Amino acid sequence: MKSRPLSTRTQKHRQGGGAAVRQSGGLLFLLIACWGLLGCTNEGPSSGRLELTWGSRGVGKGQLQKPRAMAIDDKDQLYIVDFTGRIQVFSRDGEYLRGWRTPAVKNGKPSGLSFDRAGDLVVADTHYFRVLFYTPEGKLLKERTIGGECGHGPGQFNFVTDAVQDSQDNFYIAEYGEYDRVQKFSPQGEFILQWGGHGEALGQFVRPQNMIIDEQDRLWVADACNHRIQVFDVTQNPPRLVKHWGEFGAAPGKLNYPYDLAFDGRGHLYICEFGNHRVQKFTLDGESLGCWGVGGHKPGELFNPWALVIDRRGRVHILDTYNHRVQRIVL
Amino acid sequence: MAGWEIGFVKPWYLLLLLVIPAVWLLSFKSLSGLGRYRRLVAMSLRTLVLLLIILALSEVQLLQKSKKLTVIYLLDQSQSIPVDQREAMMEYVVRDVAKHRNIDRRDRAGLIVFGREAKIEVPPFDDDIPAVGVLDSFVDLNTDATNMEAALKLAQASFPEDASKRVVVVTDGNENIGDVRTVARMLAENEIGIDGVPIELDARSEIRVEKVAMPVDARKGQPLQTRVVISNDSREGKTVRGRLKLSRQDGSRTVLLNEDPASQLVDLKPGKNVFTFQHQIDQSAVYTFSAEFTPLDPQDDLMTQNNRASTFTHVRGEGRVLLIEDWENQGEFDYLADRLRRMKLEVTVQPSDQLFTSMAELQGYDTVILANVPRSSGSDASTVTNFSDAQIAMLVRNTQQLGCGLIMMGGPNSFGAGGWSNTELEKAMPVDFQIKNAKVQAVGALVLMMHASEMAQGNYWQKVTAREAIKALGPMDYCGLLHWSGTDNWLWGAPRGLVRISGRRKGMLGRLDRMTPGDMPQFDPGMRTALLAFNRCKASVKHMIIISDGDPSPPSRATLIRYKAAKIKVSTVAVGTHGPAGSNILQNIANVTGGKYYQVTNPKALPRIYQREARRVARPLIYEPAGGVTPGIVYPHEVLDGISEPLPRTAGFVMTSVKDNPLVEVAIRSPRPGSPKNATILATWTYGLGRTAVWTTDAGHRWANAWTEWESYDKLFSQLVRWSMRPTGDRGKFTVATNMKDGRVQVIVTALDENDEFLNFLNLSGTAIGPDLETFEVPIRQTAPGRYVGEFPADQQGSYFLNILAPPAAGSKDTRPQTLQAGVSVPYSAEFREQETNQALLTGLAALKPKQGKAGELIIGRMQRGQMSQLLETDTYRPDLAPAISAQDVWPQVMLFCACLFCADVFVRRVTIGFEWLSPLMLKIKERLGGGQVEPDDDGRLSRLRNQKAIISERLDERRSAARFEPQLEEQDALNLDEVLDDVGSAAPAPPPRPSAPSSAPSEEEESYTSRLLKAKKDAWKDKNNE
């Protein structure tokens, strides 16, 4: 498949950033490092450095139109779904590799992407009340689709936001709208249980926008409109709330619409804050270690980011939604 | 620099370069004291400074040539081209760009579609054109004409400057608006190349209904003859059989005049065919006659759009009244209509969901009454209806230009309370529909919450709806708009949010244009913000409208209950992008707060809904005092002839503000509320050629019930209606005829007096109203005795109305000028007259040679889906055009550099730089590098000595200035200096001879001065001692 050249802007940043990384100790390195630091907030500790910015607004191949969800595979390839309903696959440096569309987008577009344990792409087809499964090459696995019916009964959904799989291959699917809950399904897609509900009380949610699951099968939920993180031990029945933190605010440690979560494998949790236009790094106990990003349109600035992923080298890729691009940082 | 050149905006300033040699000559002498090298440097710098000033004056620029090419495709989407070929054009563009666009050069492609006007579909950008099914611009593109001129102009304006430019015009060449040749020459002058892709039209038979001929004016019962002219342009001289139907339409009623199917069958011989119909009309009205021909074999006709033509005629009779009532409250004015009929007026009642659609329909009426009818009504998105802007414009033009009467009658859905504020109708009325009096508590507050981001063209529709809502509010009302832009933000007036409209309306509309609402995560924070603003606001009616695609998280129950407790209703508009799920949230918000819920699938319904909802805020304009009020007569208006007080009580009316205009006559007024300006019951004025009146209470259904028992009820309302009617007096001996030829309408007026003698030297003036409701003057001149002729262009499809003002008839009571009316119908656009490709035009366009480039090409081939390989053979991105040159002004930088050089010039001339330190430094370096001692040479020593001397001289100068009156000290130091020099001289060549003493005169003068001073000092001491 023919690859699309990056835009001038992208090339510029890539050349600058790449050279800086290689020429350690050089003046250029210092300049670029300072430039990268400009993107950090003044509040709290921060150690982020912008490494690469790529992507341009558009509907052409490799272009992005309000991208809203992102996932990364074991080859560090980025899967991005945008406002046109296209799922596009890029190399870690932003080179377009392939793409496809979800079956229907008239009602709305997907807003959640993740990978299951088999390496298939899991798509939260939000406005069609279902979860779709694709091979990494883009083949729809129709037989694996979960849901598709609007409602509050078992196996029915409202607006699906995300789906993850535990070590036992069970799926957890979050939704918001009227019901705001998490449903658990067997590996075969059969309903097992549900919990949550719309509200501010612990165990309830208002827009559980994203989930990740750790090695102990604890489900971490970004309870976006309650501006907090809730952690559930899903090995128990019903799942038990084991940890929670977060309150609304812009200071380090506070949250403003946490929309995406990622572990770095070294005991840190990264949270993408839609409302604060930043990424915040936490210990697993909720202690803020720093944040990166301020609202804006320049490189190093974010505008309502929706998602982030961490590649094998530990670099953070941020989906800068309203700037229609991806920014890669080293924290 | 590679690819860069230098250019000048004002090259004639370069003549100043001739001054430079003169400057050299002058400077050579004046700078001789500087020494050889310094003079050379100073002169060079001076020359450079001068050169740079001249460059800056001539506005020097850096020019870069670019090989990049931008091609904009102009697609003719007019209806003269068959649909399948129009659709194939898009495929051609996509494939042509994909095949020929040079990616390395970063060529760009753009797309413009045109019909009656031109619209940009894809602005030029450096990528392939995405293959989309339907072009977005088609939604609003008028395709009933071909305007290539507009397309070329738009293309010229859309080209980026940094690339060569070419347009590829895909068309049948049948231009019927504008002059493309003139614009094309302009493009060639501007180095823009033109390629033409002619669309070959199939050669088939073509049938056209040329016209329906009727007398413009007729009288009741008069036999009428209607002639239908049809042309048959059959290629093979074939007779075409088909059905010809002639229908007559009066308002919404349509009657087929030749109902018998057998009588409808006609044979069209090649050439023109004329068919005549005889009939009679017994009721006065304006009738539209339409003829339509349908061939039995569709293959006999290429275009069906030109198979129908119409005309209208006015059959005069008694005064006719059109009473428009709210379709949701039908029957409220039945009593009034009945009473008017008894007073020998013909009254037609029209519900507001079956409104007139053309000016022609209004011509049959002498007065139009808007009877408690709101601008927008309906209970849900599918039933909500409104008066469109065009319909309001028709009502107003019908009065202003054609003299028809217009009366607005009250009820709770009329005037400001009916959402008529800030419309053209308000301008036509003798009162304003809003209260500008802060003492009257007629204030509403409206908050708009915007979240329709996923809807197609969501931002556009949000702006349209907000604009409608703001327009509907009065100056004393409050308005706020909440949207998501990173957080929930007020668009204006933050942090209060809700601000008075008064004086800010334009600013608000301006901000709306810049609004770009984002994807709001949840409703709750925004609703809580709005609630705070509502609670701080003193409005008597508070309302909120949320437009959303329904996917933000719902508000908390507590928030909704707080809204309910504060009696703030929230109406929600679901734009239906996410199916029923999103709607449930919005429906719940509306249900809990008592608002209205709308589910919209067609965004065009949104403005109607917003007009409807904004009416809620205008409720305080309704005045319903306990026990009612008894209005009084304040002016003896002719409408009130024979009517005297006391007038009956009325339970209420709608408050308005009397226009500050001497033409306004307020006839009846209520004693309450306090301000008489706002308590009008009946007011009238003359608006243009017509008369308008307002009656702010109703006609006896809800408020004026007592009036129906009143003996003067019939008299009052019939006199009001008759006063307002358009002049319907005897038309005398004027006759008007119209004739249309080559897109122009000729109007011929024949004027005779009572004795059938020609009326000469009359001052006739005409005003025409086109199908777009634009009015224009028609000059009418006398061409023969009693014969007056005027002419105007008619290039749009539809009806043209002409109003001719003639002097009042001799002896007539009505002193208003007589109005003579005429009209003409243009059945279809000239677009449907052309049947062949105008290849000559396209060949001419392509042959135009752009400046510094090659002429374009005519790209011949079949425009059909999947079969356009021949068209794609021509490379539309061929590099045979003048390269684009982008210019960058550098004169500011040149000036800056010039300023630096000027400083350097001054420095060189004023400051001497010693280089004595250089040799010792070199020696030291040599020492270091050589590793041994190197004896300083004599020159080095000498220079050190000179340095030493300079230092000592400097000290001496300082001391001299510090002890100016002690010359001995100076002498001493001088000796020391000589000693030093003598010491050194033993190891060095003889020092240069001491400079000769300066001329004695100044020395003597100095000594005498010093001695005089010493003497004066001694004298002073002496005097002191003596004392």
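How many residues of chain B are in contact with residues of chain A? In the predicted model examined here, local features require pLDDT of at least 70 and side-chain atom pairs count only at pLDDT 80 or more, whereas totals for chains, interfaces and linings use all residues. Residues are numbered from 1 along each chain as its sequence is written, and chains are lettered from A and ligands numbered from 1 in the order in which they are written.

The interface comprises 19 residues of chain B in contact with 23 residues of chain A, two residues being in contact if their C-beta atoms, placed from the backbone, lie within 7 Å. On the chain B side, six residues are nonpolar, nine polar and four charged; Ala, Val, Leu, Ile, Met, Phe, Trp, Tyr, Cys and Pro count as nonpolar, Asp, Glu, Lys and Arg as charged, and the others, Gly among them, as polar.

Chain B contains 24 helices and 45 strands, taken as DSSP runs (H or I, at least four residues, for helices; E, at least two, for strands) and numbered from the N terminus. Of its 1027 residues, 42% are buried. A residue is buried if 20 or more other C-beta atoms, placed from the backbone, lie within 10 Å of its own, exposed if 12 or fewer, and partly exposed in between.

The largest nonpolar core has 163 residues, of which Val368(B), Val447(B), Ala469(B), Val573(B) and Val749(B) touch the most other members. Such a core is a set of buried Ala, Val, Leu, Ile, Met, Phe, Trp, Tyr and Cys residues joined through C-beta atoms within 7 Å. This core lies between domain 3 (207–316) and domain 4 (733–820) of chain B, because both give residues to it; the domain bounds come from an automatic or database domain assignment. Beyond its neighbours within four places in sequence, Val368(B) contacts residues including Leu322(B), Ile324(B) and Leu395(B).

Leu395(B) is also among the buried residues of helix α9(B), in which nine of 12 residues are buried. In helix α18 (residues 839–847) of chain B, the buried residues are Leu841(B), Leu842(B), Leu845(B) and Ala846(B). These fall within an arc of 130° seen down the helix axis, so they line one face of α18(B); the arc is that of the directions from the axis to the C-beta atoms. Their cover includes β6 (164–171), α5 (180–189) and β7 (192–198) of chain B.

Pro646(B), in the loop between β32 (632–633) and β33 (653–654) of chain B, counts as exposed because it has 10 C-beta neighbours inside 10 Å.
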